[in-house]
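Please keep the sequence and the model in view while reading.

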Amino acid sequence: MILHTINKSPQNPALKTCLRVAAKDSAILLIEDGVYAALPGPDLEALLQHKVYALAPDIKARGLLEKLSPQITLVDYSGFVALVEQYDTVQSWY
Amino acid sequence: MKFSLAIYGAPCSSQAPDTAYYFAKAALASGHDIYRLFFYMDGVQNASRLATPPQDEQNIPARWSELIKAHNIDAVVCIAAALRRGVLDKSEADRYEKDANNLADGFNLSGLGQLIDAGIESDRLITFGC
């Protein structure tokens, strides 16, 4: 099982490319500007076909805490580490 | 677990150095080992000890040097990427007859083979792209 990380906002092709290839049992972790994908938008439904996490410090830094979809789980850096441990491989999209 | 981190972004133009640094700190705090930090492409700027940000901002190269020293981490900077961006250690500065060198403490210049080795020898290789 793969953990995908996305660090670009949904305007960048990274999110769409990831969603095109990610298997159902893969998780997606939104980091840096990737956290904007946690807001309501055209790609949210496709994104939520996967287990989705977002890096809390990046969500907070951008003032998105009140706006993100409730199906998205927030993690801190130690949660990021735990996800890397839990999944076999990390695929970074940037 | 043994983790290696590949960092492709430069301070000032990318958040990748920050994310990688806090990930490395959290990994060490959780009892994991860092097998190698590999700085590639614009990420080589993380290793310039001449970076002089304002005093109320983070000095990212100095912060890496402290972490590398404190945990005895192998920190490799891609030599080809570094030389073309003006990040040189003493022996490269001498070889190319430059009047200065700027590779920060704890970093080493080496080849891309070290990234392949990190991928083979580590349980996880995490890329922090820019």
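How many residues does the contact take from chain A, and how many from chain B? The contact takes 12 residues from chain A and 15 residues from chain B. The model is predicted.

**Chain A side of the contact**

- Two elements of chain A, α4 and β5 (89-93), each supply at least two residues of the side that touches chain B.
- Of the elements of chain A, α4(A) gives the most to that side, with six residues.
- By class, the side of chain A that touches chain B has seven nonpolar, three polar and two charged residues.

**Helix against helix**

- Helix α4 of chain A (residues 77-86) and α1(B) cross at roughly 75°, and their axes come within 8 Å.
- Angles of 65 to 115 degrees count as roughly perpendicular, and α4(A) and α1(B) are therefore roughly perpendicular to each other.
- On the α4(A) side the contact is made by Tyr77(A), Ser78(A), Phe80(A) and Val81(A).
- On the α1(B) side it is made by Tyr22(B), Phe23(B), Ala26(B), Ala27(B) and Ala29(B).
- The residues where α4(A) meets α1(B) divide into eight nonpolar, one polar and no charged.

**Helix α1 of chain B**

- α1(B) has 14 residues and reaches 20 Å from its first C-alpha to its last, close to the 20 Å expected at 1.5 Å a residue.
- The buried residues in α1(B) are Ala16(B), Pro17(B), Thr19(B), Ala20(B), Tyr21(B), Phe23(B), Ala24(B) and Ala27(B).
- After α1(B) comes Gly31(B), which has a positive phi, near 90°.

**The sheet of chain B**

- Five strands of chain B form an open sheet in the order β4-β3-β2-β1-β5, with parallel pairing.
- Its edge strands are β4 (107-110) and β5 (124-128) of chain B, each of which pairs on one side only.
- From one strand to the next, the twist averages 25°.
- Helix α1 of chain B (residues 16-29) packs on this sheet and touches β1 (2-7), β2 and β5 of chain B.
- The direction of α1(B) makes about 170° with that of β1(B).
- Within the sheet, β2 (residues 33-39) and β3 (residues 75-78) of chain B pair in the parallel sense over three bridges.
- Leu37(B) has Ala75(B) as its bridge partner in β3(B).

Conventions
Residues are numbered from 1 along each chain as its sequence is written. Chains are lettered from A and ligands numbered from 1 in the order in which they are written. This is a predicted model: local features need pLDDT of at least 70, side-chain atom pairs count only at pLDDT 80 or more; totals for chains, interfaces and linings use all residues. Two strands pair if DSSP finds at least two bridges between them. Helices (H or I, at least four residues) and strands (E, at least two) are DSSP runs, numbered from the N terminus. Axes are lines fitted to C-alpha atoms, for helices over the stretch in contact, and angles run from 0 to 180 degrees between N-to-C directions. Two residues are in contact if their C-beta atoms, placed from the backbone, lie within 7 Å. Angles under 35 degrees count as roughly parallel, over 145 as roughly antiparallel, 65 to 115 as roughly perpendicular and the rest as oblique. Ala, Val, Leu, Ile, Met, Phe, Trp, Tyr, Cys and Pro count as nonpolar, Asp, Glu, Lys and Arg as charged, and the others, Gly among them, as polar. The expected span of a helix is 1.5 Å times one less than its number of residues. A residue is buried if 20 or more other C-beta atoms lie within 10 Å of its own, exposed if 12 or fewer, and partly exposed in between; C-beta atoms are placed from the backbone.
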